[in-house]
Amino acid sequence: MSEAQTLNRGPRAVVSFVVIGLTAGLLSGLFGVGGGTVIVPLLVLFLHFNQRLGAGTSLAAIVPTATVGVVSYALHGSVAWIPALILAAGSVVGAQIGTRLLPRISQTVLRWFFVGFLVIVIISLFLVIPSRDAAFDLTVLSGIALVVVGVATGILAGLIGVGGGVIVVPILMLAFGTSDLVAKGTSLLMMIPTAISGTIGNLRNHNVDLLAAAIVGVSACATTALGAWLATLIDPMLGNMLFAAYLVVIAVQMAMKAIKGRRKA
C-alpha cells in the first residue's frame, strides 16, 4: 500500500468519505445519477486517489446508493421496469469491456476522457426539455436502441466510475421522450447490475478500495431519499441548470489536473 493510500485510512479520510457520500447521495436522488460525478473527482482531487482507483471505488459505492434511489422513485411510480432491465442487459456487458480497458489507458488520457464526458453531459442538459407528463413507448426499435445505449453506458461506467445516469437520463428524455422523473428512476435501476458487473471486473484488477467504497456508499444512502423527494418539488429545468453548473466546476478542476499530469510526464 502506497503512502498516499495509507493516509486514506486516517480519521480525516473517514470524515471525507462520509461527506463525499452524503453529497453524492443527495445528487444521486435529485438527478437520477449514481453519484460518480461527485465521488470520482473528490477522491482524486482531495484524497489523492489515482484515476483508476477512484473510478473503481466510485463504481462499488454506487450499488447501495442506486438501490435506495430506486426504492424512493418506485414509491412514486417513477420507474420503467422493462426498459431499465433492457438497459441493464447492455450495460453489464459494456461494464466488463470498460473495466478491461481501464488498466490499459494512461492517467492523463483518463482525466481528459472524463472532462470530455462531462462536457457532453453539460451540453445535453441544455438540449433536454424536461416534462412530467411524457410516457415511455417501448417498441422493437426502441428496445434495440436501449441495448446500444446500455452497452455504451456500461463502457463509460467501467472506464470512469460513473453508473451512467448522467448519460442515460438525458437520452431517455431527449431521444425516448420520457418524463424526467421516470428517466431518473429508470436510470438508477439500470445502474445496480451495471455497477456490480463493473466492480467484479475492477476487483480482478485491484482497482477498488473496498473500505472507502463501503463508507461512501453507506453515507450516500442517508441522503439519497431526500434528493429523490426534492426532485419531485424542484422545477426540472432549474434542476438541469444547477447540475450543469456543478459539472462545469468539476470539469475545470479535472482539466487542470490533467494538464499538470501531462507536464510532469
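Author: The expected span of a helix is 1.5 Å times one less than its number of residues. Keep in mind that this is a predicted model.

Take helix α5, residues 81–101. The helix has 21 residues. From its first C-alpha to its last it reaches 30 Å, close to the 30 Å expected at 1.5 Å a residue.

Next, burial. The buried residues of α5 are Pro83, Ala84, Leu87, Ala88, Gly90, Ser91, Gly94, Ala95, Gly98 and Thr99. Consider the spacing in that list. An α-helix has 3.6 residues a turn, so residues three or four places apart point the same way. What covers the buried residues? The cover includes α7 (140–160), α8 (165–174) and α9 (180–204).

Now zoom in on one residue. Gly90 lies in helix α5. Gly90 counts as buried because its relative accessibility is 2%, and the cut-off for buried is under 20%. Leaving aside neighbours within four places in sequence, Gly90 is in contact with Val147, Gly150 and Val151. Take Val147 from that set. Gly90 and Val147 are 57 residues apart along the chain. Their C-alpha atoms are separated by 4.8 Å.

Val119, Ile123, Leu127 and Leu174 make a nonpolar patch of about 370 Å². Helix α6 (residues 107–127) gives the largest share of the patch, 3 residues. Val119 has its place in helix α6. Val119 counts as partly exposed because its relative accessibility is 39%. Gly90, by comparison, is buried at 2%.

Methods. Residues numbered from 1 in each chain as written. Predicted model: local features only at pLDDT ≥ 70, side-chain atom pairs only at ≥ 80, totals over all residues. Heavy atoms only, no water. Helix = DSSP H or I, 4+ residues; strand = E, 2+ residues; numbered from the N terminus. Buried < 20%, exposed > 50% of the residue type's maximum accessible area, 1.4 Å probe, protein only. Contact = heavy atoms within 4.5 Å. Patch = residues over 30% accessible without salt bridge, like charges linked within 9 Å, V, L, I, M, F, W, Y side chains within 5 Å. Areas by Shrake-Rupley, 256 points an atom, 1.4 Å probe, with all protein chains shown as cover. Salt bridge = Lys/Arg side-chain N within 4 Å of Asp/Glu carboxyl O.
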